[in-house]
Amino acid sequence: MAAFSVNHHPWFPAFPPPYVVAAVELDEQPGVRLTTCLVDCDVDQVEIGMAVEVVFDEQDDVALPLFKPVSA
């Protein structure tokens, strides 16, 4: 993960705070970054450089790419 911010404001009902907005750089494509949310983790454990993997949140006919920490 290249960068992140922990949001504490309830902007969207689907994302109750706190949640992590992250810039994730793809290992397969250096220089390409996705702005996304980090899920399935404690916001206090998030750090720059942590390994993450994609998970998809399917909403009707759209699959949103979210990321979670890689399991040890």
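This briefing covers the strands, core, salt bridges and cysteines of one structure.

The model is predicted, so local features need pLDDT of at least 70, side-chain atom pairs count only at pLDDT 80 or more, and totals for chains, interfaces and linings use all residues. Residues are numbered from 1 along each chain as its sequence is written, and side-chain values use heavy atoms, with hydrogens and water left out. The structure holds two salt bridges, zero disulfides, and a largest nonpolar core of ten residues.

**Strands and pairing**

- Helices (H or I, at least four residues) and strands (E, at least two) are DSSP runs, numbered from the N terminus.
- Two strands pair if DSSP finds at least two bridges between them.
- Strands β1 and β2 run antiparallel, joined by five bridges.
- Within that pairing, Val6 stands opposite Val20 in β2.
- β2 also pairs with strand β3 (residues 33-38), again in the antiparallel sense, over six bridges.
- Here Glu25 has Arg33 in β3 as its bridge partner.
- Five of the seven residues of β2 are buried, which leaves this strand mostly covered.
- Buried means under 20% relative accessible area, exposed means over 50%, and partly exposed lies in between (1.4 Å probe, protein chains only).

**The nonpolar core**

- A nonpolar core is a set of buried Ala, Val, Leu, Ile, Met, Phe, Trp, Tyr and Cys residues joined through side-chain atoms within 4.5 Å.
- The largest one is made of Met1, Val20, Ala22, Val24, Leu38, Val43, Val46, Met50, Val52 and Phe67.
- Strand β2 (residues 19-25) gives the most to this core, with three residues.
- In soluble globular proteins, nonpolar side chains tend to be buried together.
- Val43, a core member, touches Val6, Pro18, Tyr19 and Val20, not counting residues up to four places away in sequence.

**Near the start of the chain**

- Ala2 lies in the segment before β1 (3-7).
- Ala2 counts as partly exposed because its relative accessibility is 23%.
- Beyond its neighbours within four places in sequence, Ala2 is in contact (heavy atoms within 4.5 Å) with Ala23, Arg33 and Ile48.
- Ala2 and Ala51 are 49 residues apart along the chain, and their C-alpha atoms are separated by 10 Å.

**Salt bridges**

- A salt bridge is a side-chain nitrogen of Lys or Arg within 4 Å of a carboxyl oxygen of Asp or Glu.
- One joins the side chains of Glu25 and Arg33, at 4.0 Å from N to O.
- Glu25 is partly exposed, at 32% relative accessible area, while Arg33 is exposed, at 52% relative accessibility.
- Glu53 and Lys68 also meet through their side chains in a salt bridge, at 3.8 Å from N to O.
- That pair links distant parts of the chain: Glu53 sits in strand β4 (residues 52-59) and Lys68 in strand β5 (residues 62-69), 15 residues apart.
- Glu53 is partly exposed, with a relative accessible area of 32%.
- Lys68 is partly exposed, at 23% relative accessibility.

**Cysteines**

- A disulfide is a covalent bond between the sulfur atoms of two cysteines.
- Here a disulfide is counted when a pair of cysteine sulfur atoms lies within 2.5 Å, and by this rule the count is zero.
- The closest cysteine sulfur to that of Cys37 is in Cys41, 10 Å away, so the two are too far apart for a bond.
- Cys41 is likewise in no disulfide.
- Cys37 counts as buried, at 12% relative accessibility, whereas Cys41 counts as partly exposed, at 27%.
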